[in-house]
Amino acid sequence: MFLIRKPCQIHSNQLCAPDNTMEKEGICKFKQLFSYLGCFLRKFMFSILSVGPIPDHIAFIMDGNRRFAKKRHLLEGDGHKAGYESLISILNYCYQLGVKYITVYAFSIENFKRQPEEVQLLMDLMVEKIEDLLRNGSIVDKYGMRLYFVGNLGLLSSTVRAAAEKAMQATAHNSRAVLLICVAYTSSDEMVHAVNQAIRKNEFDSVEEEHIEKVPMIKINDIKRHMYMSVAPDPDIVIRSSGETRLSNFLLWQTAYSPLYSPTALWPEISIWHLIWVVLDFQRNYAYLQKKRKQP
Amino acid sequence: MVTTDSIRRSSARIAQMPSFALSVLWFLIHLVISIFFIVLGIADAVENYLISSGFLKRYDAINVGKLRYLAIVVDSEDAMQINKALKLLQWLTDIGVKHVCLYDSEGVLKKSKEIILERLSCAKLYEEGDEKSVLDSKTMIIEFTSQSDGKEALVRAANLLLKRLRSLGENQEEKIFTEAQMTEALKAVGSGGPEPDLLLVYGPARCHLGFPAWRLRYTEIVHMGPLDSMKYGSLLKSIYNFTLVRQNYGK
């Protein structure tokens, strides 16, 4: 209910230039009306959805940017830019709905095998968009978002790594919403890293306690604690765009009870209706998933 | 005429709507969705009949050789219906699938493996190295897994690596194990089966229920619905659709 009480604010200067003619002013007013109507309907729909359980954490595999560029006869880089715009839309919808954690699969370790020009383009885009996110008035400010860059950051160039670390530090005080960006990430790398950390920690503990005869072994919580994704709860839902039905080495450890949805829309074509449908289906299976999660 | 002011007024009125009205709307939306799924179920049943009776010709010749390794995830409560599991395995034998990994988190199927292997005349239990063996047209290799082959196996593999590290002496603080060494350690603790090409989930929701994470990287995951309502036509269709998939593996 609280969702509707906050009024829809459409800034008229986003839709109407100050030096409009009478005719353009009419079109401008129509656009404003349309935006208000859209905003109102969205809030109304979200208020209805909020009667049932809302997922706390949604993970997205943002697949299909290149196919989108090909389909629309764009340059490849424009497909990724359209993908970024789509991400911002989806983040807005999710945080308005009340989802607290969002994880996105931005760049896999396997993606380093792509053409070097494409990899460089993606890295440059990432640095540019990180700077945009840290500006005043961005979506990070709007939702009090904390950013995490999750993955083997040592594989990134120093520029990208520095931008990621700066973003994490700058948003460390935020706590209302969390965005985890998986970059230079694969689940198998994450699991091996967690095992290595657990072993190292155990090894150092054993060296300090030499007088103990039986040295402690690693337990499941030791590995869990050292996973990159330990900063967030397990996802409630995984959504992969473009209709593919596999996880592609993404959050394999964390998704035992996370239903996977595969809308056929390419990532830049993902809309609020896909999100609404997924949340409704999640609500249908909620009791079963909660029962499974609580089992030992 | 609809204006922005009138929308603002409506918004304020809606805010005063009792939450009972929103609950009714929520319930109605879910009712419509349930009806939609019932209709979808009827359409699936019709398609299943057409496939099983051979009316849809494209399912006659499936390139089942492309499916090297199939995994089936079953909800543990459903897995207690051993007859259903046996029927499913018999269908897979008829289709020509050679390697199957059965998983349910509590190991119900694992506990019944002797019964299952006995009742299926041409099945044998998986042993390491079997993925490379050439089988005759009738034999099917079955592997039984549970959550002890998932996260728990990774913990056992980690402890094996820790033990090896200790046995190598004190200067191993900088040692970093690789993915290849992890794979080898998982094999050594008895959880080193191959990665399935296709994973069929028999349960209410499309989640892998803890299937060994190390083996799921590029596996196609398909939801088949509850084991109670399993259909031969849906099984054939899923395998057929798999043979059409093309993966980039990140490139």
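Tutor: Happy to! Let's begin with α7(B) and helix α8 (residues 179–188) of chain B, whose axes come within 8 Å and cross at roughly 105°. Before going on, a word on the basis: this is a predicted model, where local features need pLDDT of at least 70 and side-chain atom pairs count only at pLDDT 80 or more, while totals for chains, interfaces and linings use all residues. Residues are numbered from 1 along each chain as its sequence is written, chains are lettered from A and ligands numbered from 1 in the order in which they are written, and side-chain values use heavy atoms, with hydrogens and water left out.

Axes here are lines fitted to C-alpha atoms, for helices over the stretch in contact, and angles run from 0 to 180 degrees between N-to-C directions. Helices (H or I, at least four residues) and strands (E, at least two) are DSSP runs, numbered from the N terminus. Angles under 35 degrees count as roughly parallel, over 145 as roughly antiparallel, 65 to 115 as roughly perpendicular and the rest as oblique. α7(B) and α8(B) are therefore roughly perpendicular to each other. On the α7(B) side, the contact (heavy atoms within 4.5 Å) is made by B:A153, B:L154, B:A157, B:A158, B:L160, B:L161 and B:R164, and on the α8(B) side by B:Q181, B:M182, B:E184, B:A185, B:L186 and B:A188. These residues divide into 10 nonpolar, 1 polar and 2 charged, where Ala, Val, Leu, Ile, Met, Phe, Trp, Tyr, Cys and Pro count as nonpolar, Asp, Glu, Lys and Arg as charged, and the others, Gly among them, as polar.

Helix α7 (residues 151–167) of chain B also gives the most to the lining of the largest cavity, with 3 residues. On a 1 Å grid over the protein atoms alone, a cavity is a set of points where a 1.4 Å probe fits but cannot get out, a pocket is an open set with protein on both sides within 12 Å along at least five of seven lines, and lining residues have an atom within 4 Å of a point. Grid points are joined across faces, edges and corners, and a volume is the space filled by probe spheres set on the points. The largest cavity has a volume of about 80 Å³, and B:L154 is among the residues nearest its centre. Its lining divides into 8 nonpolar, 2 polar and 3 charged residues.

Now to α9(B), which meets two other helices. The axes of α2(B) and α9(B) come within 7 Å and cross at roughly 80°, so these two are roughly perpendicular. Here B:E47, B:N48, B:I51 and B:S52 of α2(B) meet B:Y232, B:G233, B:S234, B:L236 and B:K237 of α9(B). That contact divides into 3 nonpolar, 4 polar and 2 charged residues. With helix α4 (residues 82–95), the axis of helix α9 (residues 232–243) comes within 11 Å and crosses at roughly 50°, so α4(B) and α9(B) are oblique to each other. B:L88, B:W91, B:L92 and B:I95 of α4(B) and B:Y232, B:L235, B:L236 and B:I239 of α9(B) make this contact, with 8 nonpolar, no polar and no charged residues.

Finally, α2(B) gives the most to the lining of the largest pocket, with 8 residues. About 1600 Å³ of space lies in that pocket.
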